[in-house]
Amino acid sequence: MGRPDLSVEIAGLRLANPLIAASGCFGYGVEYADLVDLSALGAIAVKGLFLEAREGHAPPRIVETPSGMLNAIGLQGVGVRAFVADKLPDLRARRAVVIVNICGSTVEEYAEIARILSDADGVAAIEINISCPNIDEGGHTFGCSLAGVQDVVGAVRKATTLPIFPKLTPNVTDVAAIAVAAENAGADAVSLVNTFLAMAIDVETRRPRLSNVVGGLSGPAIRPIAVRMVYECSNAVRIPVIGMGGIASARDVLEFLIAGASAVQVGTANFEDPGIWPKLRDGVVDYLTRHGHAAVGELVGTVDLSARETAWVSS
Amino acid sequence: MGSCERKARRRNRREPTDARWEGRVDAGNERLPPLCDLAGTRLKSAAIVIRGVRGAQDARERRRPTDCRRRPVAALGYTRPVARPVDVDARIAANHRLSDAYNILEIEAPSIARRTRPGQFVMVKRALGCEPLLRRPFSVFEILRDARGAVTGLSLLSKQVGAVTRDLFRAEPGDRLRCLGPLGSPFTVVDPPTRAWMVAGGVGLAPFATLAEALGARGVDSTLFYGGRSGDDLYRVPFFERLGVRVVLTTEDGTRGEAGRVTAPLKRALDAAGARPLMLYACGPTPMLRAVAELAADAGRRVEVSLEPVMGCGLGGCYSCVVRVLDGGARFVRACLEGPVFEGSRVSWADLT
């Protein structure tokens with residue numbers, strides 16, 4: 001048998017492999033060009049962009065926690081026009097598949113950014129950030145209600161023909177219902193999960209360890225919850241699910257695929273090991289070969305629940 | 001000796017002397033080390049430069065002009081030092097425990113050491129895994145060489161302050177250390193007749209060993225103002241003296257050198273410094289850096305400070321290590337890219353405390 005086919009298709013977008021650099025964890029991609037062949041990634045989800053440049057929160061912006069980290073960066077960014085003018089040409093020259101993560105304080109801002117990106121050369125898809133827990137306005141607020149999701153996704157859908165992937169927050173009671181609302185509003189796929197709203201306190205000083213008081217938890221600590229949510233959403237919608245949350249090894253990639261994700265994003269682990277990408281890819285190839293699969297797509301949603309009752313009875 | 005090792009030797013022989021290496025030769029123009037660069041040790045795991053892009057990287061390196069100290073990186077919006085970082089799984093060659101708190105770790109990472117310029121740092125971690133999750137930044141302390149002068153690795157000066165530094169204190173020779181670097185923007189190395197005054201507080205001595213060597217190679221008249229809480233906090237003074245650096249010591253408890261803070265003799269010296277040009281460099285606790293920056297500003301002298309904010313990735317990906325600078329209308333810039341070395345007058349000190 002030849003080398004297994006790692007390519008995946010999401011909303012008409014053909015990715016060379018299912019490994020995507022997660023937004024907020026890979027800068028604008030160009031920062032990593034010295035260490036990572038950007039064209040070898042399935043895609044890069046660049047740092048979230050508002051219409052205008054944003055300063056972000058005061059430091060400290062991150063704190064490490066058991067098997068994870070909290071961040072409250074506050075979406076520091078150059079703004080969409082500067083991105084298109086200054087970063088996108090470089091990404092295009094490096095043959096990167098670029099997914100642009102967009103944020104807005106209003107529905108109209110989301111739509112305006114989407115229009116600007118539609119006219120730019122080299123944008124493969126738009127990821128709609130309705131899930132950042134670290135800003136007061138927009139973002140998370142939209143992603144926490146069915147109506148908010150519908151408004152934002154609907155407005156972006158009208159503004160662009162590019163594939164649109166709302167990025168969902170896990171900080172809701174029923175994430176699958178949010179995914180369905182996104183699908184009904186015209187989403188081509190959903191990506192999840194963003195970070196879990198969390199907090200850490202220095203007990204000696206009794207001060208919060210982030211200047212923003214609260215932040216988003218990422219890293220291996222959240223992985224089992226993220227897997228569960230990807231599983232729930234992929235059962236609830238017909239569109240593809242892009243899964244993420246604490247992926248740090250090829251086994252983790254496989255777990256998300258089997259849970260129902262068509263592709264995955266890797267964020268925090270890239271901080272620890274910027275050379276993680278070929279390890280993930282090789283691990284997936286090994287697994288596919290070992291299990292006799294010709295293509296990675298054959299794994300998606302293949303979680304086997306049949307042994308469930310037997311296992312419970314015998315335990 | 002394997003062929004890889006012989007190639008490594010040949011590269012080492014071609015290596016310019018320190019004087020040329022620092023600044024005048026484009027360190028990044030040197031070819032990337034092969035995967036077996038850590039001659040003789042764990043050849044397969046020595047480097048994790050992404051497979052499959054090696055050829056393209058080499059081609060880009062060859063195309064690069066040889067006489068630029070910094071290359072503008074399109075789209076990054078700033079310039080960065082020429083050497084591209086590499087990530088190596090390095091062997092710890094030695095661990096010198098200097099006291100109950102301080103240790104010097106010698107790391108076999110010549111591919112990083114050879115390209116490191118004074119003030120640059122590495123991101124390190126004992127083993128990939130969840131605890132601790134993130135790497136930690138360390139200034140490169142010394143560039144290590146064998147008897148013939150070939151670069152064999154680098155050392156880190158560490159002080160136990162948390163779980164990671166405690167673990168580094170306990171490390172044994174033969175243990176491995178993931179080491180990513182060189183990273184960040186280096187110090188500006190001055191030329192004579194400008195004098196160089198380095199101001200170090202405690203473990204803030206770390207970036208000055210390489211800087212002192214580079215200054216010495218250029219024949220710069222150099223002084224080190226080195227302060228600690230106690231005599232137990234002061235290390236490697238003979239190293240600097242051998243390089244011809246004048247050393248002024250202070251301790252807060254008066255057990256060694258002048259009693260008090262390092263800023264006291266610095267202020268006296270600044271007052272008596274005369275007309276000859278002078279460049280200051282400082283690394284240490286933030287309040288000390290701020291005081292040095294203020295003294296330098298009052299005296300009308302330039303100072304470069306090496307800051308150490310909390311860092312997530314060291315590569316510009318996470319935006320956690322930002323420092324507010326006063327140019328461009330007060331904005332946050334990433335210390336891993338535009339720093340850790342900053343012009344003292346550029347830093348918004350009120351936002352750092």
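Tutor: Searching the whole structure turns up 10 aromatic pairs over all chains; a pair means rings of Phe, Tyr or Trp (its six-membered ring) with centres within 6.5 Å, called stacked if the planes are under 30 degrees apart, edge-to-face if over 60, and tilted otherwise. Take Phe26(A) and Tyr32(A): their ring centres are 4.4 Å apart and their planes stand at 10°, so this pair is stacked. Phe26(A) is buried, with a relative accessible area of 1%, and Tyr32(A) is buried too, at 0%. (Buried means under 20% relative accessible area, exposed over 50% and partly exposed in between, using a 1.4 Å probe and protein chains only.) Now turn to chain B, where Phe239(B) and Phe240(B) make an edge-to-face pair, 5.3 Å from centre to centre with 80° between the planes. Both Phe239(B) and Phe240(B) are buried. Back in chain A, ring pairs join Trp277(A) to Phe26(A) and Tyr32(A) in a cluster.

Before we step back, a word on where these values come from. This is a predicted model, in which local features need pLDDT of at least 70 and side-chain atom pairs count only at pLDDT 80 or more, while totals for chains, interfaces and linings use all residues; side-chain values use heavy atoms, without hydrogens and water. Residues are numbered from 1 along each chain as its sequence is written, and chains are lettered from A and ligands numbered from 1 in the order in which they are written.

Chain B has 353 residues, 59% of them buried. Its secondary structure comes to nine helices and 18 strands, which are DSSP runs numbered from the N terminus (helices: H or I, at least four residues; strands: E, at least two). Of the contacts in chain B with a separation of 6 or more, 66% are between residues 24 or more positions apart, where contact means heavy atoms within 4.5 Å.

Finally, let's look at where the chains meet. Here 44 residues of chain B are in contact with 41 residues of chain A. Five salt bridges are counted between the two chains, each a side-chain nitrogen of Lys or Arg within 4 Å of a carboxyl oxygen of Asp or Glu. One salt bridge pairs Arg84(B) with Asp34(A), at 3.2 Å from N to O. Several elements of chain B supply at least two residues each to the side touching chain A, including helix H3 (54–63) and strand S3 (86–97). S17(B) gives the most to that side, with three residues.
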